Amino acid sequence: MAMYTHFLRDIALPVGSRMVGYGEVMPYLRAIEKSQWWTPEQLRELQNQKLRKLIAHVYKFVPFYQDVMKERGLTPDDFQTTDDLVKLPIVDKFVLTNNYPDRIRDQSIPQSRLIHAASSGSTGERLHYWTTRAQKAKKWAGLFRWWEMVGFDFGKPYATFRLTPNRGFMGWPLAEKLEWAMLRHVWLSAEAMTDDILEEYVRQIEAAQPVMLRSYASTVYYLARRMLDKNLNVYVPSILTTGETLTDNMRATIAEAFAPAEVFNEYGGDGMQIAAECHYHDGMHINAETLFVETVRHGQRVPEGELGEVVLTNLEATAVPFIRYNIKDVASLTNAPCPCGRGLPRLGHLEGRLTDMFVTPDGHWLTVHQFSGFFEHINAVKAFQVIQKEVDFILIKLVVDDSFSEEDHQAIVDRFESYLGPNNRFVLEFVDEIPTTPSGKRRFFISEVIQGTGNTLGVSKLVEPA
Ligand SMILES: [Zn+2]
C-alpha cells in the first residue's frame, strides 16, 4: 500500500472522522471490504443476524412497527431469516411520510442525536426521514467500497461533477476544503454546461488526472457528446455514473470520449447505497451487508431473474426503519456467482425507476431504454422527455435542430403508435430545452400518474387513474 494511502486510511481519516462523530466509517469499510469476498451463505447468515436484531429493536422502540406486529400477532421470534420478512407489509414513501416524524422513529434515540434528511425528490416529491451519524457513516463506507471496486484508492485523485453542495463525509464545513484537498478531490461544476467552458473542463480533468470521475449519467453523457463533436478526448480510467438510467448508447458514448475508459453504473436512492457494477459489468453487486433486496410484483416476491419492483430492507437503520421499502425501481435479482469472486448478490437488470417506465392500461411496461434506443437513430432529435400525463395520455417533448424533417416526424408518430397501441393518446411538443430538476437531474421519463397514488401493493394499481 502506498505511503499516502496508508496515511489517509489508517491515520488521517479514522482520526478526522472520529473527531466529527463519524468514527464508524473506516471500521465499517474495513469490515465490508473483507465480507464482500464471503460466500453467499455466509452473507445470508450475516443478514439474518442483523435482521433478528433489527426486528427486535423496532418491535420495542418504533410505534409504527409495534402496532403492525401486534395487529398481525407477530413477535420478534417470528423473524429468524430474511424469508420471514414477507410477514410484514411493504411500505413506501407515502407510508413513511404519513407516519413521520414520530410514529416511524426510533424512540430509543434522543431527538438531539437524530439528523433530518430528505431524498433529492427528483420528481418533485421529497421523502423526509431521520438518520444518525452512525448510519450516515455506514452509507459513506458503502460508497467508498464501490469506488474501490472501480479503481479508486484513498489518496488517488478523483473528480466529481458538482450539482448540489456536498459537505463530505465528515460533514464539518470548516474541514471540507481540507478534506477534499487531502483526498485529492476535484470538483467540476455542472451548473453551466456550455460549449464555451467545455474545453475548460477537459483542461481541468487533464491537469487533475483523476482515476475516477463520478457524475450523474446524463451530465457526463452530455459532456461526452460535446467532446466527441469537437474531437476532444481526455483519458479517465473509470467513469462512475449515478442517479439516473444509463442506456447502452450513453455508456458507449461516454467510454469513447474518455477512452479507454471503463464505465460503471452505480445505483443509490433515498439515502441508501444500493448496488454498483464490478469490472465484469454483468449486473450490479448489492450492498448486502447493509441491505436485503427483494423483487416483487403485485406484492409477491418474483423468482430470480424476473423483473419486479425493488423492495429494500436496510438492516442497519433504525432512526427511521426502512423495512420492505418499495423504492419504485424495477430490476431483476440474481444470486449466481460473479466471475469477480464477490459473494454479493446482484441486480441483474436495472430497468430504472418506475417513473422511468410506463404501464399502459393493457399492462405493458415500457422502459426508457426502448425510447432512448429509438431516438438515438434520429439525429435531429437532440433531447427528449416523455411525460405520462394521464394513464392513457403521453406528452412527448422534443428538442430538435434545423435538420428535423417531415419524415422524422412521421417516424416518431409511427413508433409511438406501435409502442402505445390504439387505446392510448399522445402529442408531440417541440421545446427549446428540457429543464433539469432542482437537484440537477435530467429525466427522460416523468409519470404524473404514479406520484401520489399512495399504493404499495403492486404495479397493477398504477394503471388506475390517480
Ligand atoms: Zn462481480
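1. Two strands count as paired if DSSP finds at least two bridges between them. Strands β12 (residues 308-314) and β13 meet that with four bridges, and they run antiparallel. Within this pair, Val311 stands opposite Asn326 of β13. The model is a predicted one.

2. Strand β13 spans residues 325-334. Cover is the main point here: nine of its ten residues are buried.

3. Now the nonpolar cores. The largest has 90 residues. Val220, Ile239, Ile254, Leu291 and Leu312 have the most contacts inside it. Helix α6 (residues 133-149) gives the most to this core, contributing nine residues. In soluble globular proteins, nonpolar side chains tend to be buried together.

4. What does Val220 touch, leaving aside residues up to four places away in sequence? Its contacts are Phe161, Leu213, Ser215, Ile239, Thr241 and Ile254. Ile239 and Ile254 are also listed with Val220 among the residues with the most contacts inside the largest core.

5. A second core is separate and has eleven residues. Phe375, Phe384, Val400 and Phe445 are among them.

6. Four strands form an open sheet in the order β19-β18-β17-β20, and the pairing is mixed. Its edges are β19 (425-430) and β20 (445-447), each of which pairs on one side only. From one strand to the next, the twist averages 15°.

7. Which strand pairs with β20 in the parallel sense? Strand β17 (residues 381-390) does, over three bridges. Ile387 has Ile446 of β20 as its bridge partner.

Notes
Residues numbered from 1 in each chain as written. Predicted model: local features only at pLDDT ≥ 70, side-chain atom pairs only at ≥ 80, totals over all residues. Helix = DSSP H or I, 4+ residues; strand = E, 2+ residues; numbered from the N terminus. Axes fitted to C-alpha atoms, helices over the stretch in contact; angles between N-to-C directions. Core = buried A, V, L, I, M, F, W, Y, C linked by C-beta atoms within 7 Å. Buried ≥ 20, exposed ≤ 12 C-beta atoms within 10 Å, placed from the backbone. Contact = placed C-beta atoms within 7 Å.
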